[in-house]
Amino acid sequence: LTVEKLITLEKSSKALKVKCTIDNNSKDHRVRMIFPTGLCAQTHKAEAVFEAVKRRNKQKETWVCPCTTDRMQGFVTMAEKDNGLALAGIGIYEYDILPDNAIALTLLRCTGEIADWGYFPTEYSQCLGKTELELEIIPYAQEEKALDTIVDMQYPLSIKQIWERTPGNFKG
């Protein structure tokens, strides 16, 4: 299993950019990056379909499922007063809040079966071969500015000239 990371901090950037390439030749495992937050927050937010969902960092005592991983569309944030950490990703859809409030992003989850309601083999879910992921680490004091940075990462503005004015193709 080979993991290559390219970490970039651009001048005037609000985020630390990470490009990660994983060449996976192993089965039945999970690869995560863990980000200690140092925060005492009780909740966090994660992007879901059409909204940012506020979730508890710890499950209720009545929660019987041993798995505490959750889903995200593009980001997860945690804040305490004026200190926050946002993690935005492209190709990253699962995270976990650990007992010390560290955020664990799942980069690769490889499994040969899904067994919640019976046995369902999933041989293509072993994720063999190369996988490329992008993420940004955004410390923040204002959540709105962090969300702007996330949007800039996930939906970059691209400009392309599709028509050129020359003497022969413009009448007016």
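1. A residue is called buried when its relative accessible area is under 20%, and exposed when that area is over 50%. Asp96, at 7% relative accessibility, therefore counts as buried. The model discussed in this note is predicted.

2. Asp96 has a charged partner. Arg32 forms a salt bridge with Asp96, and the closest N and O atoms of the two are 3.5 Å apart. Arg32 belongs to strand β3 (residues 29-35) and Asp96 to strand β9 (residues 94-97), so this pair ties together parts that are 64 residues apart in sequence. In contrast to the buried Asp96, Arg32 is partly exposed, with a relative accessible area of 27%.

3. Arg109 and Glu94 form a salt bridge in which the closest N and O atoms are 2.9 Å apart. Because Arg109 lies in strand β10 (residues 103-110) and Glu94 in strand β9, the pair ties together parts that are 15 residues apart in sequence. Arg109 is partly exposed at 37% relative accessible area, whereas Glu94 is buried at 17%. Through salt bridges that share partners, Arg30, Glu94 and Arg109 are joined into one network.

4. The count of salt bridges comes to 7. Among them is the bridge between Asp70 and Arg71, with the closest N and O atoms 3.2 Å apart. Asp70 is buried, at 15% relative accessibility, while Arg71 is exposed, at 57%. As a general point, side chains of opposite charge can pair when their charged atoms come close.

5. Strand β8 (residues 83-90) is mostly covered, with 6 of its 8 residues buried. This strand pairs with strand β7 (residues 75-80) in the antiparallel sense over 6 bridges, and Thr77 stands opposite Ala86 of β8. The hairpin of β7 and β8 has 2 residues between the strands, and Lys81 takes a positive phi near 55° there. Strand β8 also pairs with strand β13 (residues 129-140), again in the antiparallel sense, over 7 bridges. In that pairing Gly89 stands opposite Leu135 of β13.

6. Gln154, in helix α1 (residues 143-154), reaches the backbone oxygen of Gly89 with its side chain at 3.3 Å. Leaving aside neighbours within four places in sequence, Gln154 is in contact with Glu47, Gly74, Phe75, Ala88, Gly89 and Ile90. Its relative accessibility is 16%, so Gln154 counts as buried.

7. Glu47, one of the contacts of Gln154, falls within the numbering of strand β4 (residues 43-48), which runs antiparallel to strand β5 (residues 51-56) and is joined to it by 6 bridges. His44 stands opposite Arg55 in β5. In the hairpin of β4 and β5, which has 2 residues between the strands, Phe50 takes a positive phi near 70°.

8. With a relative accessibility of 43%, Ile114 counts as partly exposed.

Methods: Residues are numbered from 1 along each chain as its sequence is written. This is a predicted model: local features need pLDDT of at least 70, side-chain atom pairs count only at pLDDT 80 or more; totals for chains, interfaces and linings use all residues. Side-chain values use heavy atoms; hydrogens and water are left out. Helices (H or I, at least four residues) and strands (E, at least two) are DSSP runs, numbered from the N terminus. Buried means under 20% relative accessible area, exposed over 50%, partly exposed in between (1.4 Å probe, protein chains only). A polar contact is a pair of N or O atoms within 3.5 Å; within protein, one must be able to donate a hydrogen and the other to accept it, and residues adjacent in sequence count only if both atoms are side-chain atoms. Contact means heavy atoms within 4.5 Å. A salt bridge is a side-chain nitrogen of Lys or Arg within 4 Å of a carboxyl oxygen of Asp or Glu. Two strands pair if DSSP finds at least two bridges between them.
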